[in-house]
Amino acid sequence: INVSSTVGVTGQPFSSYYALTQFAIRGLSLSLQEELANEPNIHVCCVLPATMDTPFFQHAANYSGKTVKAMPPVFDPQKSADMIVKLSKRPKSEVFVGYNALPAEAMHFTAPRLFNRMLRKRVEKSHFSDESAPVSPGNLFEVMSDEDITGGWRSNGQGMNKKQKRLLKAAITAAGLTGGYMVVKNLRKNINDKEHQKQTGL
């Protein structure tokens, strides 16, 4: 059971090195699944969590010059732990953790340009604070001294209330439907163009 991230599917601006590692984990999982396709008793699973309330952002290297914070919605890391246990009993090739993860992936697939514009705006607005921060390698070369399991982000207001959750779900769903419509529209246009070429010989 490998743990990647939703960033390993969609990418994320200003996190290119992190995204690279998460794509690698997901790519490893997909490749092993193909290699072991004829081994019925060996399963390879990949967990793709959204933002979890861990000390990740306090421990990560930061060369941006700004204080980094968890981008809401932020989820209880116990959800990821529970999913790992669940997969050990009932394996699945790939699972998302966090209610916004799968809709976001669907939107990225159906409307990538719109998704990328929205994600960049969200990252710029919600991932960085106005406070400056010194350059830090974080835990890149040494272990951090604290042993906290959570990052305290949900208690600091980085979670979302029910109304905000509904609005986010509605926005993602609407954007996904719009993207789906555009995909179907383009497919129909391509079919019509081919039919026109056949009829006209052009």
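Where is the place of Leu 140? I looked, and Leu 140 sits in the loop between strand S5 (128-132) and helix H7 (154-158). Helices (H or I, at least four residues) and strands (E, at least two) are DSSP runs, numbered from the N terminus.

A note on what I'm looking at: this is a predicted model, where local features need pLDDT of at least 70 and side-chain atom pairs count only at pLDDT 80 or more, while totals for chains, interfaces and linings use all residues. Residues are numbered from 1 along each chain as its sequence is written, and side-chain values use heavy atoms, leaving out hydrogens and water.

I found Leu 140 exposed, at a relative accessible area of 53% (buried is under 20%, exposed over 50%, partly exposed in between, with a 1.4 Å probe and protein chains only).

**Salt bridges.** I searched the whole structure and got 2 salt bridges (a side-chain nitrogen of Lys or Arg within 4 Å of a carboxyl oxygen of Asp or Glu).

I noted Glu 94 as partly exposed, at 26% relative accessibility.

Arg 120 and Glu 124 also form a salt bridge, their closest N and O atoms 3.1 Å apart. Both lie in helix H6 (residues 112-126), 4 residues apart, about one turn of the helix. Arg 120 is partly exposed at 41%, and Glu 124 is partly exposed at 40%.
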